[in-house]
Amino acid sequence: MDRFSVAALAASMLVLALVSAAPAAPAAPAAPAAPSGGLEISTLSGRPDTVAGGNTLLRVDVPRHVALDRVRVTLNGDDVSGVFVADRAGRTLTGLVHGLRRGPNTLVASAPGRHRDRLDVVNHPQEGPVFSGPHQQPYTCETAQFAVPVIGGTLGQPLDENCTVEPRVDYFYRTTAGGYAPWPADATSYPADLADTTTSAGVNVPFIVRMETGSANRAVVQTSMLHDPLGETEPTPTRRADGWNGRAVFTLGGGCSGGWYRSGAGTGGVTDAFLLGQGYALMSSSLNVFGNNCNDLTAAESAMMTKELFVERYGPVEHTIGFGCSGGSYQAHQITDNYPGIFDGIVVGCSFPEVGFGTVGFISDAWLLHEYFTNDATLAWSQEQQRRVAGFATYATLPSMAVSAGRIDPRRFCGILPVEQRYDPVTNPGGARCDVYDHAINVYGADPGTGFARRPLDNVGIQYGLATLNDGTITPEQFLELNERVGGFDADANIVAGRTVADLDATRIAYRTGRLTNGGGGLADVPIIDYRAYYDDQPWGDIHVRYHTSSMRERLENANGTAANHVSLLEDARYGLFSTQSPLLRHAITQMDRWLTTLAADDSGAARIDKIVAARPVELVEGCMTRAAAPVFVAETLDRDPAGECERLYPSASFPREVAGESVAADVVKCRLRPPERDDYAVEWTDEQWQRLTTVFAGGVCDYGVPGVEQQGLAGTWLRF
């Protein structure tokens, strides 16, 4: 179960003044041995320096020679011993302590015989922020549009400007017909169509779901679990519901475009029948949907606060699995790497390393390429040549990604923001800018010249189409004109003749703070299962292309020297992008549970990565399902080997910067430059052509054999802004 011990608390930091707070303590065993010395007091619901909402769940470990009823606990000098419940078998006291004042607080546990322990905690407001920096303004509450799952209706108007809602508990049940129905009001007997379920713990219970709704961090928070209101008492932090298997799945919603200036009208989902039927508790927040909040930092803060609320209500979780597709994978990767301890393992689908680089890089390049091919080219280009320059599996992906790239445009995807509040360079230059960079201004800071967020976006020196030039797909004339005319973006994402130049402060910050997922923070120490339903060949040109899985794996290998904690599973799209109707995804979930359970039981002195490798279930094998009507599993390392059966079934294709020479890691924000040399190319240049090339790349061409400009490791984890 999650437990956080005393840590040296890091001081709050201003934007760009970055230090790392103490990392989260490792998970403690369920029945801890009594301390050999004095009392030990610790937080169960989160780190002691990130408490929110004025309360925290505490545990006091008591030596065997001290009577539990002799232990006294004080908060800022006031006796709060009465809230603690004794667990004599484990020699612990557990209590939810209320009344923390804003800022620093002191908790002391003491007993006769000079037994004493002190815990300093820092309490933050329930509406936040904790570590993400000043709240974004303007901000629109969407509680009146938030539909209550199964029950119906909405949450109504918020209680205040922080989008707070009245806390509520709702019950619904699974019917024998395979659907959900609201639990009858004032029920005294079970409905005739009530189904039952057997959980992963082997417990058979009525399939009745308790769903709680509340508020944290200016978002709607929801949790759910199996609980029988007729056959059980109310669950508490020290009394677990019979149907809960002790594990939790944190659902992370997708999207990005339009995900700013809003609280959101839905969470990542807390009604999945497979997960609930297995006995998992579900939790999510409306700010853990990237379509509401395309900012991994705020998402990390919201996930932490949501989990804290859950633990304070239901008690410690044995392990929490981060679970999400697309924008949910952004969150799972970055929350785990930058704020370790929130998730113990992650199951990601339709994955990307992050939005700001792994995604924005390939879609913004696609926009530039498509604009050139459509409007600026004077030479003839076949669709196949265009596709090969972009690297995609289908041509349709190129124009589709050009549309998706609008998330870097401060005017295009403003979602629900009223028109009068939106930025316009002429009519409202001080308005709110709706793009991924300005949404992250707390991290990047403002450009002193424009007041807009600093922008880590660059394409100087990129030789678009280089590989297609060298393999004869395009001619030297096509290559030259493409790179002469491809252009870049100005501060408002207008396409201009000059290449885009990154702000070097923002570039450094991106690496140092984990806005570009490093893989060497918390991701080095957790199991990862990457499930992918193959969408590269969809006729509309889908954004969820397969190479991103390889990007994340290569980053793990670069950061840690291994990706042994990363398992990839691949199949076709018959179940959609990320549905628990898929037996392969269900397998990923159950195997992650087994993996984490075995890992937690390993109390050896082995290195963490060795424990992870040893704990991996033998049934969890990397590979793919065939595309037959009755598919079979192919056990194979998914490493883009063209000779592999899975690669032949599901080609991983490429992206514009890999065609230009970058590695699949896609982690170079701004490349270092070197002069071009004729021997670097598999073509014969005329003198006139060479003069044109050296003019286009007067500053040099990208040298992807060396690290990028300002490319470096993390400054640490649990950073504050």
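I began with confidence: the protein chain has an average pLDDT of 94, and 95% of the residues score at least 70, pLDDT being the predictor's confidence in each residue, from 0 to 100. I then looked at residues 1-36, where the pLDDT is below 50 and where the model still has 97 contacts beyond near neighbours in sequence; contact here means heavy atoms within 4.5 Å. I note that this is a predicted model, in which local features need pLDDT of at least 70 and side-chain atom pairs count only at pLDDT 80 or more, while totals for chains, interfaces and linings use all residues. Residues are numbered from 1 along each chain as its sequence is written, and side-chain values use heavy atoms, with hydrogens and water left out.

**Entry: the twelve-stranded sheet**

I traced an open sheet of twelve strands with mixed pairing, in the order β11-β10-β14-β15-β17-β16-β18-β19-β22-β23-β24-β25. At its edges I found β11 (180-182) and β25 (633-635), each of which pairs on one side only. Neighbouring strands of this sheet are turned against each other by 20° on average, direction ignored. For reference, helices (H or I, at least four residues) and strands (E, at least two) are DSSP runs numbered from the N terminus, and two strands pair if DSSP finds at least two bridges between them. Axes are lines fitted to C-alpha atoms, for helices over the stretch in contact, and angles run from 0 to 180 degrees between N-to-C directions.

How many residues of β23 are buried? I count six of the six, so the strand is largely enclosed by the rest of the structure; buried means under 20% relative accessible area, exposed over 50%, and partly exposed in between (1.4 Å probe, protein chains only). Side chains in a regular strand alternate between the two faces of the sheet. In β23 both faces are covered, with His566, Ser568 and Leu570 buried on one side and Val567, Leu569 and Glu571 buried on the other.

On one partner, I see that β22 pairs with β23 in the parallel sense over six bridges, and that Ile528 stands opposite His566 in β23. The chain goes from β22 through α11 to β23 in a right-handed β-α-β crossover, a term that applies if, with the strands pointing away from the viewer, the path from the first strand over the helix to the second runs clockwise. On another partner, β23 pairs with β24 in the parallel sense over two bridges, and Leu570 stands opposite Cys624 in β24. I followed β24 (residues 623-625) on to β25, to which it is joined by three bridges in an antiparallel arrangement, with Met625 standing opposite Phe633 in β25.

Helix α11 (residues 547-560) packs on it, touching β22 (528-533) and β23 (566-571), and its direction makes about 170° with that of β23. Helix α3 (residues 327-338) lies across β16 (247-252), β18 (319-325) and β19 (345-349), running at about 155° to β19.

**Entry: the four-stranded sheet**

I found an open antiparallel sheet of four strands in the order β1-β3-β7-β6. β1 (40-43) and β6 (84-87) stand at its edges with a single partner strand each, so one side of each is left without a neighbour in the sheet. β1 pairs with β3 (residues 55-61) in the antiparallel sense over four bridges, and Ser42 stands opposite Arg59 in β3. Helix α2 (residues 296-314) packs on this sheet, touching β3 and β7 (92-98), with its direction at about 60° to that of β3.

Gly391, with a positive phi near 90°, follows α5.
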